[in-house]
Amino acid sequence: MVFCRCMISALLLLFFLSLHTFHYLSSYKTISLFSSVIIPTEKTRIHVVQEDPCSGRYIYMHDLPTRFNHDLVTKCHELSEWFDFCPYVINEGFGPELNEKSWYATNQFMLSLIFHNRMKNYECLTSSSLIASAIYAPFYPGLEIGRFLWGGFNSSVKDAAALDFASWLREKPEWARMLGKDHFFVAGRINWDFRRPRNTNFGSWGSILLNLPEVKNMTMLTIESSPYGSNDFAIPYPTYFHPSDDREVFEWQDQVRKSRNRTYLFAFGGAPRPNMTGSVRGELINQCINMSRNRCRLINCYHKDDLCNSPRNLIKVYMQSDFCLQPPGDSYTRRSTFDSILAGCIPVFFHPGSAYIQYLWHFPKNYTKYSVFIPIDGIKNGSVNVGELLSKIPESYVSVLREEVISLIPRVIYAQNKLERSEDAFDVAVKRVLERIKDARIIQEGNEESSWKHHFNGKDGKPEWDSYF
């Protein structure tokens, strides 16, 4: 009996010792994957886990041939036959410096270049694609296709770079991992400049970039997306303010908030579109001109008003106005939307495609928190007078709207580098791209697991091991 009790005690002691050893080894193995530091003490060992702040945020940047990016910048005089793009590519795409610190005469089509230069300093950039959660391809398709949108170029010329881009990616080892679903790039023009159907030829607008099978798997960031697309997402147009730190952002917000000289009820900056069916710009311009007591400020770009080409004066006018009209022009969206937000001027939209189905990552879902919507039909048939409608909005509500607009300023600007206390447009876009790719990876892994189960399970759900071993 005594012998049995001794044996049982010995076995129990060995069991508990083995549990401790197993626990230690298992914990060490798990923690070591997260770069643990094991600190011994006199009595026990303490496992301190150093969490990687870049876990799930690593991005690998392809080293694309210079013909896809750098060469386009160095040959900037070839980017447009209408005007010289060279002044706009300086200062990492911000353009010429203005007198005020961190203010630049930024061209609205410089987003690809601005994004690329910011990505070079991204805090979680990695040289190993194996640990990357997303892969960035620094292609400048907006600058590339801009050379051929006018002038009667044939499809082979307009599509050459797009086809070359897809072919180059397809040959890289990183492509095989998810067939491009973990890749993204920034277009820098509206999506319609890249959606020409593949079966159309001479004379049709744009390239076929977004209709290529490879690109359909990727995520494209652009200044205006398609409501029918599934892989292109709108992010803010570049505007004029590119702060270097949070202090500059907060100081500008305070300046806008304290601006008491809003003498105009509303302002409109733009030109009429007399040859565009459905455009209400002409009606809005007439209403502005006929507004009594100088309650509307018109910046008429049709007559080449100097204010149209002066960022400083444009922002000044918007800071003097409660509301800024944002009717569609050549497309649904406008760079002016972001200029008005920068000035604390409440945007007034006439079509949901101008913002509400566009900048879903950067604007509140509830559009009534930061804007006013006036259906376009009322303007066309003359039943709605913008001035009368806007003047009926209580001043207290105008103040609430303006404060929301001012709070959006960090999310719609592209800072010179990462801000410490705010997320700028770059940060927001990168975070949402990573989330989208993470979801795509989960779906792919789920499909692979389902496929594995399908192969190894019979019709009744029981394993069919014998057929495989």
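Me: What span should the 14 residues of α15 have, and how far apart are its end C-alpha atoms?
Reply: At 1.5 Å a residue, α15 should span 20 Å, and its end C-alpha atoms are 20 Å apart, so the two agree. The expected span is 1.5 Å times one less than the number of residues. Helices here are DSSP runs of H or I with at least four residues, strands are E runs of at least two, and both are numbered from the N terminus.

Me: What kind of model is this, and how are residues numbered?
Reply: The model is predicted; local features need pLDDT of at least 70, side-chain atom pairs count only at pLDDT 80 or more, and totals for chains, interfaces and linings use all residues. Residues are numbered from 1 along each chain as its sequence is written, and side-chain values use heavy atoms, with hydrogens and water left out.

Me: At what angle do the axes of α9 and α15 cross?
Reply: The axes of α9 (residues 246–257) and α15 (residues 395–408) come within 10 Å and cross at roughly 160°. α9 is therefore roughly antiparallel to α15, the term for angles over 145 degrees on a scale from 0 to 180 between N-to-C directions.

Me: Which residues make the contact between α9 and α15?
Reply: α9 contributes Gln253, Val256 and Arg257, and α15 contributes Glu403, Ile406 and Ser407; contact means heavy atoms within 4.5 Å. These residues divide into 2 nonpolar, 2 polar and 2 charged.

Me: What makes Ala343 count as buried or exposed?
Reply: Ala343 has a relative accessible area of 0%, so it is buried. Ala343 lies in the loop between α12 and β12. Beyond its neighbours within four places in sequence, Ala343 is in contact with Val256, Arg262, Ile315, Tyr318 and Met319.

Me: Why is Glu92 called partly exposed?
Reply: Its relative accessibility is 43%, so Glu92 counts as partly exposed. Glu92 is in the loop between α3 (86–89) and α4 (111–119), and has a positive phi of about 60° although it is not a glycine.

Me: Is Ser102 buried or exposed?
Reply: Ser102 has a relative accessible area of 5%, so it is buried. Ser102 lies in the loop between α3 and α4, with a positive phi near 70° in a residue other than glycine.

How values were computed: Parallel < 35°, antiparallel > 145°, perpendicular 65-115°, else oblique. Nonpolar A, V, L, I, M, F, W, Y, C, P; charged D, E, K, R; others polar. Buried < 20%, exposed > 50% of the residue type's maximum accessible area, 1.4 Å probe, protein only.
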